[in-house]
Amino acid sequence: MKPEIAKALADHLDRQNQAKGDSMVRASAREKATAQNVADFEAAKIVIIKPAFQEIVDLYQEKGMAIRVAEQNEIVSRTGGIQSASIRIDMAAAYPSSDMKPGFNLAFDKGNRMLSLYTSTGSQSGPAGSIALDAVTAEWIHDEFAKYQGIGPKVPTVFGKI
């Protein structure tokens, strides 16, 4: 083999190996970041979310309504889809005659550190907002739950009316 071809080929293979190594480093960094995000979510559940949810549950139970906090770990389906880890207030027992079971659910996106709020009532369900994991507070949770129940603060319209 000509020396210039051997050198060009060797350089090419070196670049491929370097690219492969760089890719592995990036993948490892993503995995570490994702693992840290999951750990941070677990900590936020213990320190912020569960206690805030439990205050709501306790209030309902004082009024004789059985609701509970339920958690779900991330689930990978047979087809490869991923259902995010979540924590929710399950209100189905408080409204047993409803076809659609009421609920207040925070789902965690481990890739971008966001909590997405999903709510369901007796007649509708869907997304109701999102918040960064690092910004979630008990006050935010309680405010959003109040809005969900239709008792949240009135927000002025663009015309200044309430």
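Two strands count as paired when DSSP finds at least two bridges between them. In this predicted model, β5 and β6 meet that condition, pairing in the antiparallel sense over 7 bridges. The two strands form a hairpin with 4 residues between them. Ala 107 stands opposite Ser 116 in β6. In the turn, Arg 113 has a positive phi of about 60°.

The average pLDDT is 82, and 86% of the residues score at least 70. Over residues 155-162 the pLDDT falls below 50. Beyond near neighbours in sequence, that stretch has 3 contacts in the model.

The hairpin turn also takes part in a salt bridge. Arg 113 pairs with Asp 40, and their closest N and O atoms are 2.7 Å apart. Asp 40 belongs to helix α1, whereas Arg 113 sits in the loop between β5 and β6, 73 residues apart. Arg 113 has a relative accessible area of 19% and is therefore buried, as the limit for that class is under 20%. Asp 40, at 24%, is partly exposed.

Across the whole structure, 10 salt bridges are found. Another of them joins the side chains of Glu 71 and Lys 50, at 2.7 Å from N to O. Glu 71 lies in strand β1 (residues 68-72) and Lys 50 in helix α1, 21 residues apart. Glu 71 is partly exposed, with a relative accessible area of 40%. Lys 50 is also partly exposed, at 31%. Glu 74 and Lys 110 form a further salt bridge, at 3.0 Å from N to O. Here the loop between β1 and β2 is linked to the loop between β5 and β6, with the partners 36 residues apart. Glu 74 is partly exposed at 33%, and Lys 110 is partly exposed at 26%. Shared partners join Glu 42, Lys 45, Lys 50 and Glu 71 into one salt-bridge network.

The largest nonpolar core has 25 residues. Ile 49, Leu 106, Leu 115 and Ile 141 have the most contacts inside it. Two or more residues each come from α1, β4, β5, β6 and α2. Helix α1 gives the largest share, 8 residues. Leaving out residues up to four places away in sequence, Ile 49 touches Phe 41, Ala 44, Ile 87, Leu 106, Leu 115 and Ile 141.

Phe 53 and Phe 104 are arranged edge-to-face, 5.9 Å centre to centre, with 65° between the planes. Phe 53 lies in helix α1 and Phe 104 in strand β5, so the pair ties together parts 51 residues apart in sequence. Both residues, Phe 53 and Phe 104, are buried. Tyr 60 and Phe 145 are edge-to-face too, at 6.0 Å and 80°. Their pair ties helix α1 to helix α2, because Tyr 60 lies in the former and Phe 145 in the latter, 85 residues apart. Tyr 60 and Phe 145 are both buried.

Helix α2 has several buried residues, including Trp 140, Ile 141 and Glu 144. Gly 150 follows α2 and has a positive phi, near 80°.

Strand β4 (residues 86-90) includes Asp 90. Asp 90 is buried, with a relative accessible area of 12%. Apart from neighbours within four places in sequence, Asp 90 contacts Ile 67, Arg 68 and Pro 102.

How values were computed
Residues numbered from 1 in each chain as written. Heavy atoms only, no water. Buried < 20%, exposed > 50% of the residue type's maximum accessible area, 1.4 Å probe, protein only. Contact = heavy atoms within 4.5 Å. Phe/Tyr/Trp six-rings, centres within 6.5 Å; stacked < 30°, edge-to-face > 60°. Core = buried A, V, L, I, M, F, W, Y, C linked by side-chain atoms within 4.5 Å. pLDDT = per-residue confidence, 0-100. Salt bridge = Lys/Arg side-chain N within 4 Å of Asp/Glu carboxyl O.
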